[in-house]
Amino acid sequence: MIIKKIKLQRFKRFRDLEAELSPCLNVIKGPNEAGKSTLHSALIAGIFFNPSHRRKEIRNLISWGSERMYEIGLDVEVEGANYALHKDFETKKLTLIGDGLPREIIDPTKVGEKVGEWLGFSSAAVFKSTACVEQDRVAQISKGEREIGDSLQATITGEDEVTASWACERLRAALKELIKGEGKITKYPGEIQKLSNAVAELEEKRKQLEDEIEEVRRTGTRLFEVKREIEDISTRLSTKVNLREKNERRRWLEQELEKIEECYQNIQRAFGIKHEIDDLNERLKPYSFLEKIEDEDVDALRTLLGRKQSLEQMRDSLEQQLVEPSLACHEADIQLQSTPTGNHPLILGTILLLLGIIGAFLSKFMLVLAIIGLLVAGYGVLRIKPEPQVDLGTVVSQIRYQKIKVEEQITEINDQIKYLLAKARCKTATECLERYEKYKPLRAEKLAKDSELSGILGDKSIEDLVEESRTLALDRNAKKEEWESLDPIALDPEQFQKLLQEIEDLAEKKRALEEEKKKLEIVISQARATSEDLAAIDEKLADLQQKLEFYQRRRRVYELVLKSIDEARKATLRSATKVLEEEVSRYINIITDGKYNRVKVNQENLEFFVYSEEKKDYVKARELSRATIDQIYLSARLGLVKLISKGKKPPLLFDDPFITFDDERLRNTMELVKEITKEYQIILFTCSDRYDAYADKVIDLSR
């Protein structure tokens, strides 16, 4: 079977694609994500998928962004006859027309049979395990082992519907299910163990039944009454618990609404403060030049103005004194005269003299005191000096000097005032002080509002509060609606407490009844049966034992049939693996240029062994180098294709299986591939340009 053309519509990344293929070696190349895997999947789907199915594997192939299923068309050639296969997965229809058909085929089953006849097999799993050689899939042979083995068996025996491995699998599953739990405890035992357990239980129960019936009769009626009371109480309790839960829910909603309202009010308050801050910012704009002025600067300005005023008054006074110097001299003279001389000896001597004279009338020794006072007073008289006269020129010079110093201080203060006014961008101190007095309360109010807003916002922003406000509004409306819906069943606190007490009383009563019920059930379970019950159990035991014998016979039959089929299956695989070894040995000899030329296949699990000249023995294929494994893998696939397809010629899909080959091995392999293309159509998918020289047709998906 040769695929001549493939047409795709809405298939994964390809919305519309048409590609013609060569009957020999086709190389489809492109970088990753170019669509190679998509085209590979399209070929599998076009050959095997049923458009009427909707399993996940089929749905996942829809074109990206499309709501419609895809269409696949294949033009193929089989033994010189041309056919057109079209599958519309949107309408779930397919058609097959061609030279070798009397009329078109639209039945999916018949189309599948026809395609299977062309390929040599109709299973997509077998096709992938053999004709599709994928990169890094060495283990695929083991994974496809069972189905490949089944196909080998079907090839030899001619059975297509039921294979030996399928029958063995079913028999093993049935046998395992039948004897499950034998010799061990399991939750779900098989029929034999289940029946054995039932027989044992009945035999044990038969021993107890004779003493149980009487006690059952006495307690049966009470048990029925207790159950009825429990059902009644459960109904009433459920109603009251439901009422309690709804009231608790209503109270919780009420608390939540209060919290939401509080949050909402805070948010609104924040919005109001933000509005006030914006208003204050507008009012502060005319005073923006005062932002660099602090209270310390204003206090300094006021101090400077006071000092300047005092100094100016002193300057004016000194100027007046210069205008009238005589007045200044008189003031200086008065000052000199008013200055005390401090003549303490004269004063002390006078006092001592007076005391001595007065004391002389009392004692002659007091005259000594009077003499001492006279001497001290004389010394004081000698210290008295005449008062100096004030010089007018000296006074004027001193006044002028003082005036110069005052003016220097006034100039220095004026410079400081100018600096502060320049900093405040004001022309006069009065203007500065007046504006600052208006600016200061506005600034203080803004700082207070900023602090207040920051306390409300925390780490949030106003935009966050806007979004939170919307969320709170929606949450509040939903909770309020639910709260109002529960209003008809609302209970006041007194009624609610009464309800809680009723629930507690009912629950306690129910617990007491359930305890009584357990005791009654224990009594009934320990009761013994009557003779009629014993007869019934004997009858049931006989029935169970008969069934047990039936399943034991079935077990023996399963084991015998399974043994026979398994032996036949192994014989079948032995005959098939001999042919497979010959085909794979021939291919591996060509690929490895004679390095490996002998292959063995395990008859039990189809594991491959290759003869190594170095080790002089057969080794497992998986123990060889990566490149050699790939070569053996390719050889095995080619041998399996020929064997399983019963001589048919299915197309071979290669997903860059030679990526690890060096140039020499690749050249040998490609020579083999070119030889194979004389019998098989090969479609090779790759990211490399290494195969272009060998290709009969190259399709570059990147273009």
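Start by selecting cysteine 132: this residue is buried, with a relative accessible area of 1%. Keep in mind as you look around that you are viewing a predicted model.

Is cysteine 24 buried or partly exposed? Its relative accessibility is 24%, so it counts as partly exposed, because the buried class ends under 20%.

While you have cysteines on screen, think about disulfides. A disulfide is a covalent bond that links the sulfur atoms of two cysteines. How many disulfides are counted here? The count comes to 0.

Next, go to glutamate 71. You will find this residue in strand E4, which covers residues 71–78. Glutamate 71 has a relative accessible area of 15%, so it is buried.

Show the side chains of glutamate 71 and histidine 86 together. What joins them? A polar contact of 3.1 Å does.

Then look at what else surrounds glutamate 71. If you set aside its neighbours within four places in sequence, its contacts are Lys7, Leu8, Gln9, Arg10, His86, Lys87 and Asp88.

Finally, zoom out to the whole chain. A cartoon view lets you look for its 20 helices and 13 strands. Of the 703 residues in the chain, 38% are buried. Among contacts with a separation of 6 or more, 73% are between residues 24 or more positions apart. Switch to a surface view to end the tour: the accessible surface of the chain is about 41,900 Å², and carbon and sulfur atoms account for 51% of that area.

Definitions and conventions
Residues numbered from 1 in each chain as written. Predicted model: local features only at pLDDT ≥ 70, side-chain atom pairs only at ≥ 80, totals over all residues. Heavy atoms only, no water. Helix = DSSP H or I, 4+ residues; strand = E, 2+ residues; numbered from the N terminus. Buried < 20%, exposed > 50% of the residue type's maximum accessible area, 1.4 Å probe, protein only. Polar contact = N/O pair within 3.5 Å; in protein donor to acceptor, adjacent residues only side chain to side chain. Contact = heavy atoms within 4.5 Å. Disulfide = S-S within 2.5 Å. Areas by Shrake-Rupley, 256 points an atom, 1.4 Å probe, with all protein chains shown as cover.
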